[in-house]
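These are my notebook entries on what I looked up in this structure, written down in the order in which I went through it.

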Amino acid sequence: MKSRITSILFTIVMLDLLGFGIILPILPILFLKTQFHVELLQQLFPNVNQEYILYGIIVAAYPFSQFFSAPILGQLSDKYGRKKLLFYCLAVTSASYFMAVLGIRQLNFSLLLLSRILGGLMGGNIAIAQAVAADITEKKDRTRVYGLLGAAFGIGFILGPYIGGKLSDSNLVSWFQIDTPFLMAGFLSLISVIVTLLLLPETHPYEKRPLHLRFWQSVIDIKQAVAHKRLNTLFLIGFLFQFAFTMFVSFFGVLLFKRYDFTQVSIGEYFAFAGLWIAVTQIFLTKFVSQILGNKAMLAIGLLGCCIMTFLLLFKVETLHLYVITAIFAVTNGLTQTGIISLISINNDSSSQGKILGINASLYALAQSIPPAISGIIATAYSVTTPIMIAGSIMALSFVFYLGRYRSVRQ
């Protein structure tokens with residue numbers, strides 16, 4: 001039964017993240033090729049091109065909504081059951097993709113924005129799936145199960161952008177349009193809804209205890225991260241890096257379109273290429289580097305490598321060189337991500353791992369929600385390379401700060 005539920009969870013998570021990944025290469029092109037306008041913004045800034053600002057708002061809407069909703073959905077699943085909450089989350093997620101299609105076809109920015117907000121509010125479904133895994137496994141087996149869910153996560157982010165690029169290519173199939181990836185994402189989420197309804201058993205039945213929702217749990221998590229004497233250094237480094245990485249990713253797709261004449265197809269292939277290298281690093285390379293150099297040195301190498309590669313990507317190079325730099329950037333990114341989470345876990349008591357990782361998840365959600373919005377304003381005021389330059393500078397700051405606190409971090 002445990003094995004069957006794990007397989008079902010793997011399918012649900014993979015389909016959900018595949019749908020999310022499918023639209024990643026489409027969003028930059030959507031605003032660069034489609035004339036969305038907001039009348040109020042036009043009145044306030046009559047001589048400003050809106051495309052970067054609107055794109056930044058759309059990208060930021062999902063993680064910002066998720067930042068507030070994820071802890072609440074977890075609390076509701078503790079009270080009303082995992083299956084019920086997962087079903088509703090996936091159903092609304094599916095509807096949000098179909099709503100996005102209407103927004104694109106009608107050039108209605110408000111409708112498109114609402115779709116991304118709804119998607120973000122229901123974006124806690126991965127956390128609920130992890131809770132299901134915790135319900136059915138012993139502590140000693142959870143690393144293996146979470147590893148499988150992580151693999152499903154990786155598959156979604158590798159295949160998703162590639163498929164999304166192809167689905168929007170009318171040269172491949174005549175009726176493929178810019179909104180076709182959103183349609184596919186909606187159908188994939190709908191399949192997840194059916195799988196959840198028909199195949200997934202309830203692992204945490206309804207509880208009669210009173211429900212006391214902590215609506216500001218994410219804000220409380222941030223305060224606890226700042227106040228945590230032993231981990232606040234690692235929390236800050238993780239926040240700075242994720243902030244910088246999100247700022248980089250948000251506008252690098254735009255840079256590929258502007259500088260290298262990439263289409264949504266080639267952008268999808270590019271992000272799939274980067275995702276593959278990150279996955280290979282996390283599956284194979286991190287264990288080797290950690291054993292040889294230790295987690296502390298691995299994180300230092302990762303931070304420095306990401307910083308250098310980000311600045312190198314600012315320059316226009318041959319396409320082959322672009323992919324070589326990207327591969328190195330992806331490898332160092334994988335080392336950094338694994339290094340941070342490993343050191344946070346090592347430097348914390350085993351009795352509060354769940355709480356600490358929850359705090360870290362809130363920090364990451366906040367770090368992913370702010371950069372796209374401000375990057376859109378910065379790109380409009382200066383250039384599309386400016387957010388990437390700032391991202392590299394923040395990565396450099398996180399590296400220098402880490403070196404200054406290196407001795408205080410436990411191996």
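Before looking at how helices pass each other, I wrote down the term I would need: a crossing is left-handed if the near helix is turned anticlockwise from the far one by less than a right angle, and right-handed if it is turned clockwise. I also noted that I am working with a predicted model.

**Entry 1: helix α2 and its partner**

I looked up the crossing of α2 and α11 and found that it is right-handed. The two helices pack at an angle of about 55°, with their axes 8 Å apart, and that makes α2 oblique to α11. On the side of α2 I listed P28, I29, L32 and K33 as the residues making the contact, and on the side of α11 I listed G253, V254, F257 and K258. Sorted by class, the residues of this contact are five nonpolar, one polar and two charged.

I then asked myself how many of the eight residues of α2 are buried. Helix α2, which covers residues 26-33, is mostly covered, since seven of its eight residues are buried; the buried ones are I26, L27, P28, I29, L30, F31 and L32.

**Entry 2: the nonpolar cores**

Next I looked up the largest nonpolar core, which has 87 residues, and in which F31, F182 and F252 have the most contacts. Helix α11 (residues 232-260) gives the most to this core, with 18 residues. A second, separate core has 26 residues, among them V13, L86, I126 and L149.

**Entry 3: helices α5 and α7**

For this pair I noted that the axes of α5 (residues 82-105) and α7 (residues 125-136) come within 10 Å and cross at roughly 155°. Angles over 145 degrees count as roughly antiparallel, and so α5 is roughly antiparallel to α7. In passing α7, helix α5 makes a left-handed crossing. The contact involves R82, L85, L86, C89, L90 and T93 from α5, together with N125, I128, A131, V132 and D135 from α7. By class, I have seven nonpolar, two polar and two charged residues for this contact.

**Entry 4: two buried residues**

Is R116 buried or exposed? R116, which has its place in helix α6 (residues 109-121), is buried, with a relative accessible area of 4%. Beyond its neighbours within four places in sequence, R116 is in contact with F20, I23, I58, A61, Y62 and Y97. I also looked up A60, which is 56 residues away from R116 along the chain, and found their C-alpha atoms separated by 8.9 Å.

S65, which lies in helix α4 (residues 51-80), counts as buried at 8% relative accessibility. When its neighbours within four places in sequence are left aside, S65 is in contact with I117, G120 and L121.

**Entry 5: positive phi angles**

I reminded myself that most residues other than glycine have a negative phi. Even so, L107 has a positive phi of about 55° although it is not a glycine; L107 is in the loop between α5 and α6 and counts as partly exposed at 39% relative accessibility. D261 is not a glycine either, and has a positive phi of about 60°. Its place is in the loop between α11 and α12, where D261 is exposed, with a relative accessible area of 63%.

Conventions
Residues numbered from 1 in each chain as written. Predicted model: local features only at pLDDT ≥ 70, side-chain atom pairs only at ≥ 80, totals over all residues. Heavy atoms only, no water. Axes fitted to C-alpha atoms, helices over the stretch in contact; angles between N-to-C directions. Helix = DSSP H or I, 4+ residues; strand = E, 2+ residues; numbered from the N terminus. Parallel < 35°, antiparallel > 145°, perpendicular 65-115°, else oblique. Contact = heavy atoms within 4.5 Å. Nonpolar A, V, L, I, M, F, W, Y, C, P; charged D, E, K, R; others polar. Core = buried A, V, L, I, M, F, W, Y, C linked by side-chain atoms within 4.5 Å. Buried < 20%, exposed > 50% of the residue type's maximum accessible area, 1.4 Å probe, protein only.
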